[in-house]
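Open the model in your viewer and keep the selection tool at hand. This tour goes from stop to stop: select, look, move on.

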Amino acid sequence: MGDAEIIPIGTRGRPGRGTGKQPSSAARDLAAGRRPRPAATPCDPPATEAAPPVQPVEPKRPVQPVEPGLAPAPRPAVTTEERDAQGIPLSDWLAAFQHAAREVFGDQWEPQLARLLAFLRRRVTGDYVVDEYGFDEEVTQRFFLAALRPVAEKWFRIEVRGVENIPAEGGALVVSNHSGTIPVDGLMTMVSIHDHTGRYLRPLGADLVFRTPLVSSLARKSGATLACNEDAERMLRGGELVGVWPEGFKGIGKPYSDRYKLQRFGRGGFVSAALRTGVPIIPLSVVGAEEIYPLVGNVPSLARLLGLPYVPITPLFPWLGPLGLVPLPSKWLLEFGEPVRTDEYDEGAADDPMLVFNVTDQVRESIQQTLYTLLMQRQSVFR
Amino acid sequence: MTSGRVVLVTGVSRDLGRRFARSLAAEPSVGRVIGVDVVPPRGDLGDVSFVRADIRNPVIAKVIAKEDVDTVVHMSVIATPASAGGRGTMKELNVIGTMQLLAACQKASSVQHLVVKSTTTVYGASNRDPAMFTEDMEPRRAPRSGYAKDVAEIEGYVRGFARRRSDVRVSLLRCANVIGPHVTSPITSYFRLPVIPTVVGHDPRLQFLHEDDLLAVLRHATVEDVPGTFNVAGDGVLMLSQAVRRLRRPTVALPAPAVGSLGSVLRRARLADFSPEQLAFLTYGRGVDTHRMRAVLGFEPAYTTAKAFADFGRSLPPTGGRTDRVLAAVEEQLERGAARPLTTRGAHHG
């Protein structure tokens, strides 16, 4: 009976066109009701291509004769006709939309959706406020931090200690070690501080950050500003929680073999800024960031060509391409240390280089010691 | 002859200069206002007596001596090469004009007050800039060409003058980009483009000063006796992206060199005055600290940056804003749906 069913579709009972013999295999495959022959056999390339789209279709009207060589052709014809015949009524669309909205926003979907729309309209009409550094609180909270939070919680499983050392209000300077080839540690610190204290960390970034397209606009929007004395003092006077990574590129771009060895702490500029404004310095030790992109090599000549401080080579990058940019899921520990008070020094202490060096060393030692302690407590890199 | 100050205002042929001179003439403490420029002003000067003189040649000294001028307001610093007749003329008018004017002032013992309108462009714009420039900060990269260099040189001459004539009160006002419905400047012609080119990946911070506030601060500095250098700008900052969205204008993001060459094409076609230092400004932006303006100069602008920009935007028809219209339509639909009897929701809640 199989042959009889082919007839109305393919060649009306006559043998395949032009051959005077059997219908072609492609034409036979189009037959309705025919059991799907194990068509996807590797020895039959045209059928392999034709079979998957055809199988689910149950053509209601006879398909026009087909050239054996143009097997995939019938598919668009059939589907267009089907769509023309039925379509989706507007009410169905509306119902589907309402259903989707209820799925996403819950039962209170209308006010929720209205709020989302109002937010979107505010964004597209520019009806929001940024502070003088370009910090856009709304987009930082609703977008940047929301996007980073799963990474912090699920990927790096960040454990935060000593949050009570961060003052609830007023200016303070968070000083952290820097590592990880790409400043992911800064981003994770921002998320962790916001989630634990509700305050925004205002990072100070290198001038490279503000020269790089895209990065520069994101940095300003998320609250960063240039790491210079003027900005640091201005922010601290304004009562902001400022974050600095005094090791800079020396810290973030150090080879994996030097992990958890603190580099030189710049020229102590951060200490003089804190001394001038009398805010506490909070040492922060980050364990785990060293392992996300183990830096095993560097291409200094290419770096010089691109004007970058280094071009990293990690076990995965650039070998795996963009996939190599996925950080290794190390376990992170963040510990905020005891604040170093700077309001007890006399006026003009910031201009005493010896004092500045001493305070710098004190902060550096405290971070280094905490790093060693945390490393001892950590069970393994990934757990 | 009435008592009161005799004020000489340069650059009255241009709209802002003319309006400033007129409003100054209405001040009670000002006796006479003398407007000076190379070409006569187009509009009505009111009570201002106009003297056609070129500040680039020593004639200006005679005007100052003859009229017994005690206050000089120098606002003939031009930012637009096209209006001056080319970059060469612009530089000459700006730099040589200021030199001659200050030389004349130095000779004239009657001159007791000097007010110079400068601009925040002297701070330049680079990725190494602090977020907010205060008056005693230097530009991180010294300007090498164009308007910014002119202004830097002019300020140098003004400082020299202040040293040599320490008895003269000198006020230097560094004004942020002046904006308003009547202003023609590089930044306003940029925002008047139907599609606004931006530098890809950068979102500069902008500060504006409303034209009315510019006139007010110049008047304030002329009448009040406060020496010093002051940044003058409206409160707050706007990001470029935010400003463009408020104008409802579409943007096209281009790499910096492309924006530069597009700018020079526009300049040649006289569609917009787009200068190289403006490219740096549109890449890195700039902010100035106006604390001293409030505390020392005692001036409070009536318009914030956002309000000044909104006032400027009112004169422009939106060329984009489709997304907003779509969202508004959806919102309206939603409200209409909510206003209807609760058919679907009632059924759902049972």
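**Stop 1: a strand pair in chain B.** Select residues 71-74 of chain B, strand β4, and residues 113-119 of chain B, strand β5. Four bridges join the two strands, which run parallel. Now pick B:V73. Its opposite number in β5(B) is B:V115. Keep in mind throughout that this is a predicted model.

**Stop 2**

Stop 3

**Stop 4: helix α5 of chain B.** Select residues 146-164 of chain B. Helix α5 has 19 residues. From first C-alpha to last, α5(B) reaches 28 Å, close to the 27 Å expected at 1.5 Å a residue. Which residues of α5(B) are buried? Colour B:Y147, B:A148, B:D150, B:V151, B:A152, B:I154, B:V158 and B:F161. An α-helix has 3.6 residues a turn, so residues three or four places apart point the same way. Then show what covers the buried residues of α5(B): the cover includes α4 (87-107), β5, β6 and α10 (276-284) of chain B.

**Stop 5: a loop residue.** Pick B:L316. Find it in the loop between α12 (305-314) and α13 of chain B. Is B:L316 buried or partly exposed? B:L316 counts as partly exposed because it has 15 C-beta neighbours inside 10 Å, whereas a buried residue needs 20 or more. Leaving aside residues up to four places away in sequence, B:L316 touches B:R192 and B:L247. For a sense of scale, draw a distance to B:F50. The two C-alpha atoms are 33 Å apart, and B:L316 and B:F50 are 266 residues apart in sequence.

**Stop 6: where the chains meet.** Show both chains. Chain B puts 28 residues into the contact and chain A puts in 28 residues. On the chain B side, select α8 (240-247) and α13 (322-339), the elements that give two or more residues to the side that touches chain A. α13(B) gives the most, with eight residues. Colour this side of chain B by class: 13 residues are nonpolar, seven polar and eight charged.

**Stop 7: chain A at a glance.** Chain A has 15 helices and nine strands. Of its 383 residues, 33% count as buried. Among contacts in chain A with a separation of 6 or more, 68% come from residues 24 or more positions apart. Next select residues 172-289 of chain A. An unreviewed UniProt entry places the feature "domain: Phospholipid/glycerol acyltransferase" there. Over this stretch the chain is 41% helix and 19% strand, and the end C-alpha atoms are 23 Å apart.

**Stop 8: the sheet of chain A.** Seven strands form an open sheet in the order β1-β9-β6-β2-β5-β3-β4 of chain A, and the pairing is mixed. β1 (159-161) and β4 (225-226) of chain A stand at the edges with a single partner strand each, so one side of each is left without a neighbour in the sheet.

**Last stop: strand β3 of chain A.** Five of the five residues of β3(A) are buried. A:L201, A:P203 and A:G205 point one way, while A:R202 and A:L204 point the other way. Three bridges join β3(A) to β5(A) in parallel, and A:P203 has A:G243 as its bridge partner there. With β4(A), β3(A) pairs in the parallel sense over two bridges. Finish on A:L204, whose bridge partner in β4(A) is A:T225.

Methods
Residues are numbered from 1 along each chain as its sequence is written. Chains are lettered from A and ligands numbered from 1 in the order in which they are written. This is a predicted model: local features need pLDDT of at least 70, side-chain atom pairs count only at pLDDT 80 or more; totals for chains, interfaces and linings use all residues. Two residues are in contact if their C-beta atoms, placed from the backbone, lie within 7 Å. Ala, Val, Leu, Ile, Met, Phe, Trp, Tyr, Cys and Pro count as nonpolar, Asp, Glu, Lys and Arg as charged, and the others, Gly among them, as polar. UniProt positions are given in the numbering used here, feature names are shortened, and annotations may be inferred rather than shown by experiment. Two strands pair if DSSP finds at least two bridges between them. A residue is buried if 20 or more other C-beta atoms lie within 10 Å of its own, exposed if 12 or fewer, and partly exposed in between; C-beta atoms are placed from the backbone. The expected span of a helix is 1.5 Å times one less than its number of residues.
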